[in-house]
Each structure stands twice: as C-alpha cells, then as structure tokens.
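Student: I have a structure to read and I am new to this. Can we go through the features in turn?

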Amino acid sequence: MLVVAMDIDAESCVKDWDDLAQDYKELEALNREYLAKLEEVGELQAKCVKGVSHQKYRMGIISKSMKNLNMNEAQEKMQKSMMRREQQLHEIEQTLPKSNGTYLQIILGNVNVSILNKSDKFKYKDEYEKFKLVLSVIGFILSVLNLFTNIRTLELSFMFLLVWYYCTLTIRESILKVNGSRIKGWWRFHHFLSTVVSGVLLVWPNTGAWYKFRGQFMWFNVYIKATWHVPVLSAMFLVLFLGNITTTIMVIPQKRRERVKDYLFASRGGNAHDKENKNEKNK
C-alpha cells in the first residue's frame with residue numbers, strides 16, 4: 001500500500017511539473033511579445049521627440065519671419081494658432097522621456113527618471129508633499145527637544161536631519177522638474193543653499209558662539225565677530241530671506257496673468273466651437 005501511494009504522489013508531481021512547464025512556455029511567449037512592444041515604444045518615442053524638435057525649429061523660423069512683416073488679421077490669427085501649437089507641443093512633451101539635468105546626471109547617472117503616466121506624476125508629487133510634511137513634524141519635535149535639553153548628540157542628529165532633508169529635496173525637485181513641474185528656480189536654489197547652511201551648522205564646533213546662536217536665534221547678527229561660521233551663515237540666511245520675498249512678489253502677478261490667459265484661451269475655444277456648430281446648422 002505504501003508503494004502504491006508513493007507511485008501516485010510521484011505521478012501527481014510529474015503532472016504538476018508538466019502543467020507548470022506549459023505555463024512557462026506561455027510566459028516565455030508573453031515576455032517576447034512584451035520585449036518587442038518595448039522596443040517598438042522606444043522607436044516611437046524617438047520619432048515623437050524628433051517630430052517635436054522639428055515643429056519647434058520650423059515655428060522659430062516662422063516667428064522670426066513674421067517679426068519683419070506688418071501684422072494683419074491673417075497673421076494675428078496665425079500667431080494665436082502658434083500659441084495654441086506651443087501648448088499642444090508642451091502637452092506632447094509631457095508624455096515623452098526627457099534627459100536628466102546636470103545635477104541628476106552627477107547624482108544618479110544616466111538613470112531614466114521620466115514618469116510618463118499622469119496619475120504616477122501626481123502620486124510622486126503627492127509623496128513629495130507628504131515627505132516635506134512628515135520631516136517638518138520630525139524637525140519641529142527635535143528642535144523643541146533641543147530647546148529644553150543640552151545634549152550634543154541630539155543637536156547633531158537634528159543638524160544631520162537638516163542636511164539629509166535638503167539633499168533629498170534637491171533630488172526630488174530635480175526629478176519633478178524633469179517631469180514638467182513648474183517649481184521656481186529660486187526654491188530649488190533655496191534648498192541647495194539650505195543644504196550648505198545645514199552642513200555649516202553640522203560642522204560648527206561646540207563653542208560659546210554656538211550656544212549664543214543656539215539660544216537666541218533672533219540675535220544672530222549681533223555675533224558676527226565670532227568664528228567664521230557666524231558671518232557665513234549670516235550672509236546665507238540674508239540671501240534666503242531676500243530670495244523668498246522677491247520670488248513671492250514676482251509669482252503673484254504671474255499667477256494672475258496665467259489665469260487670465262487660460263480664461264481667454266478657454267473662452268476663445270468655446271466661441272470657435274459655437275461658431276462651428278452654428279455653421280453646421282446653417283448647412
């Protein structure tokens with residue numbers, strides 16, 4: 001009886017293996033089809049990138065030619081069409097891979113960081129915002145602890161967190177920029193400079209000047225005759241302050257102009273659609 005049972009088990013294993021082998025053949029065929037589609041997609045992407053570049057090149061030539069002519073109604077209509085075409089090309093570019101900037105080339109090499117799916121782009125932006133929120137809470141807790149304690153290890157942990165936080169922000173923002181984000185150049189520079197500021201704070205030795213700075217931050221500029229860390233950080237914080245104020249002042253009118261432009265573009269599109277419907281009814 002034991003021998004018969006073992007024979008049955010062996011036959012069952014052989015049958016399962018044969019079934020699995022058949023599944024693997026189907027998987028191999030599916031993988032070959034997948035690789036062929038990937039190669040096809042790569043070729044189509046290259047053609048689209050080339051086509052977008054050609055469109056921009058020809059539009060640039062036409063724009064230069066139009067500057068030397070007196071504007072009439074037909075030319076104004078063409079100019080509006082070219083503005084729409086620029087927007088259309090921008091939307092096409094969002095679906096195509098882009099080359100990394102210099103910073104990402106140095107940090108990541110030639111890794112493709114393009115996110116081609118819109119929902120994935122929104123998810124990555126959402127993760128970026130959550131990352132900032134979580135790290136801000138952690139930083140707040142550490143800073144409060146440092147106010148009520150005097151533990152050097154805790155201080156250094158907080159400074160190291162700042163260095164890591166701003167380094168990570170610069171990488172994430174560079175990836176967002178590659179994927180079409182409209183992050184202002186100032187904010188990116190702000191975080192690069194903040195990385196340097198955090199690094200200076202991290203290497204600042206445990207001296208009397210440090211404790212004056214640590215306890216009374218608002219009196220920071222009073223101690224510019226202390227070690228080199230104080231004047232360096234004073235200059236950097238001043239640049240950060242001026243940059244924040246200037247960029248905020250510049251962004252507000254720009255956002256208003258963009259909203260007006262979008263409203264006008266939408267209204268023109270709606271009027272054109274109504275005219276087409278009217279003409280079709282008249283026919």
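Student: What should I know before I start?

Tutor: This is a predicted model, in which local features need pLDDT of at least 70, side-chain atom pairs count only at pLDDT 80 or more, and totals for chains, interfaces and linings use all residues. Residues are numbered from 1 along each chain as its sequence is written, and side-chain values use heavy atoms, with hydrogens and water left out.

Student: How many helices and strands does the protein have?

Tutor: Helices (H or I, at least four residues) and strands (E, at least two) are DSSP runs, numbered from the N terminus. Here there are eight helices and zero strands. Read from the N terminus, the order is α-α-α-α-α-α-α-α.

Student: How do I check the length of a helix?

Tutor: The expected span is 1.5 Å times one less than the number of residues in the helix. Helix H2 (residues 73-93) has 21 residues and should span 30 Å; its end C-alpha atoms are 30 Å apart, which agrees. H6 has 19 residues and reaches 28 Å from first C-alpha to last, close to the expected 27 Å.

Student: Which residues of H2 are buried?

Tutor: Buried means under 20% relative accessible area, exposed means over 50%, and partly exposed lies in between (1.4 Å probe, protein chains only). In H2, the buried residues are Gln 75, Met 82 and Leu 89. They cover an arc of only 25 degrees around the axis, so they sit on the same side of H2; the arc is that of the directions from the helix axis to the C-beta atoms. Exposed residues Glu 73 and Lys 77 are carried on the face of H2 turned away from its buried side.

Student: What share of the protein counts as buried?

Tutor: Of its 283 residues, 23% count as buried.

Student: Is Trp 186 buried or exposed?

Tutor: Trp 186, found in helix H6, is buried because its relative accessible area is 14%. Other buried residues of H6 include His 190, His 191 and Leu 193. The C-alpha atoms of Trp 186 and Thr 248 are separated by 9.8 Å, although the two are 62 residues apart along the chain.

Student: Where is Ser 143 found?

Tutor: Ser 143 is found in helix H4. At a relative accessible area of 25%, Ser 143 is partly exposed. Glu 155 is twelve residues from Ser 143 in sequence and 8.4 Å from it in space, C-alpha to C-alpha. The buried residues of H4 include Leu 142 and Asn 146.

Student: How do I read a pocket?

Tutor: On a 1 Å grid over the protein atoms alone, a pocket is an open set of points where a 1.4 Å probe fits, with protein on both sides within 12 Å along at least five of seven lines; lining residues have an atom within 4 Å of a point. Grid points are joined across faces, edges and corners, and the volume is the space filled by probe spheres set on the points. The second largest pocket holds about 660 Å³ of space. Among its 21 lining residues, the closest to its centre are Phe 122, Asn 179, Gly 180, Ser 181 and Arg 182. H2, helix H4 (118-148), helix H5 (152-178) and helix H6 (185-203) are the elements that give two or more residues to this lining. H4 gives the largest share, eight residues.

Student: Which residues does UniProt list for "transmembrane region"?

Tutor: The unreviewed UniProt entry lists residues 131-148, 154-171, 192-211 and 231-252. Its positions are given in the numbering used here, feature names are shortened, and annotations may be inferred rather than shown by experiment. In the model, residues 131-148 are 100% helix and 0% strand, with end C-alpha atoms 26 Å apart.

Student: How many disulfides are there?

Tutor: A disulfide is a covalent bond between the sulfur atoms of two cysteines. The test applied is a pair of cysteine sulfur atoms within 2.5 Å. A search of the whole structure finds zero. Cys 48 is partly exposed, at 39% relative accessible area, and Cys 167 is partly exposed, at 30%.
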